[in-house]
Amino acid sequence: TYVMVAGAGLLLGQACQPCPAGVFGSSLGLEDDECDGPCPAGYACPPGSIDPYEQPCTDAATYCPAGR
């Protein structure tokens with residue numbers, strides 16, 4: 001997850017946002033929706049992913065380039 005307003009930190013009652021599909025976020029203090037970076041080719045990262053290798057693309061009909 002990441003904080004919506006870069007450099008502002010969390011305000012009382014403000015929630016972190018899940019990292020979008022195609023990227024992962026496992027570090028503390030992320031400040032934008034690029035999170036920790038794109039998932040590697042051959043792996044899919046659904047929204048909220050924290051592990052870039054959690055979901056391998058094993059279906060031969062599915063193409064998984066980096067950042068998907």
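Are C19 and C35 buried or exposed? Both C19 and C35 are buried, where buried means under 20% relative accessible area, exposed over 50%, and partly exposed in between, with a 1.4 Å probe and protein chains only. This is a predicted model, in which local features need pLDDT of at least 70, side-chain atom pairs count only at pLDDT 80 or more, and totals for chains, interfaces and linings use all residues. Residues are numbered from 1 along each chain as its sequence is written, and side-chain values use heavy atoms, with hydrogens and water left out. The structure holds 3 disulfides, a disulfide being a pair of cysteine sulfur atoms within 2.5 Å.

**Disulfide C19 to C35**

- C19 and C35 are joined by a disulfide with an S to S distance of 2.0 Å.
- The torsion about the S-S bond of C19 and C35 is about -110 degrees, so this disulfide is left-handed.
- The pair links distant parts of the chain, 16 residues apart: C19 is in the segment before β1 (23-24), and C35 is in the loop between β1 and β2 (37-38).
- Strands (E, at least two residues) and helices (H or I, at least four) are DSSP runs, numbered from the N terminus.
- C35 counts as buried because its relative accessibility is 11%.
- Phi of C35 is near 50 degrees, a positive value in a residue other than glycine.
- Most residues other than glycine have a negative phi.

**Disulfide C39 to C45**

- The sulfur atoms of C39 and C45 are 1.4 Å apart and form a disulfide.
- With a torsion of about -95 degrees about the S-S bond, the disulfide of C39 and C45 is left-handed.
- C39 is buried, at a relative accessible area of 1%, and C45 is buried as well, at 2%.

**Disulfide C57 to C64**

- C57 is joined to C64 by a disulfide, S to S 1.7 Å.
- The link of C57 and C64 is left-handed, with -90 degrees about the S-S bond.
- C57 has a relative accessible area of 24% and is therefore partly exposed, whereas C64 is buried at 11%.

**Disulfide pattern**

- With bonded cysteines counted along the chain, the disulfides follow the pattern 1-2, 3-4, 5-6.

**Surface charge**

- A patch of negative charge on the surface is formed by E31, D32, D33 and E34.
- Patches are made of residues with over 30% relative accessible area and no salt bridge; like charges are joined within 9 Å, and nonpolar side chains (Val, Leu, Ile, Met, Phe, Trp, Tyr) within 5 Å.
- A salt bridge is a side-chain nitrogen of Lys or Arg within 4 Å of a carboxyl oxygen of Asp or Glu.
- E31 sits in the loop between β1 and β2 and is partly exposed, with a relative accessible area of 40%.
- C35 is also placed in the loop between β1 and β2.

- P40 lies in the segment after β2 and counts as partly exposed at 23% relative accessibility.
- The C-alpha atoms of P40 and P65 are separated by 7.3 Å, with the two residues 25 apart along the chain.
- S49 lies in the segment after β2 and is buried, with a relative accessible area of 6%.
- A separation of 6.7 Å is found between the C-alpha atoms of S49 and C19, which are 30 residues apart along the chain.

Terms used. Areas by Shrake-Rupley, 256 points an atom, 1.4 Å probe, with all protein chains shown as cover. Lys, Arg positive; Asp, Glu negative; His and termini not counted. Charge placed at Lys NZ, Arg CZ, Asp CG, Glu CD.
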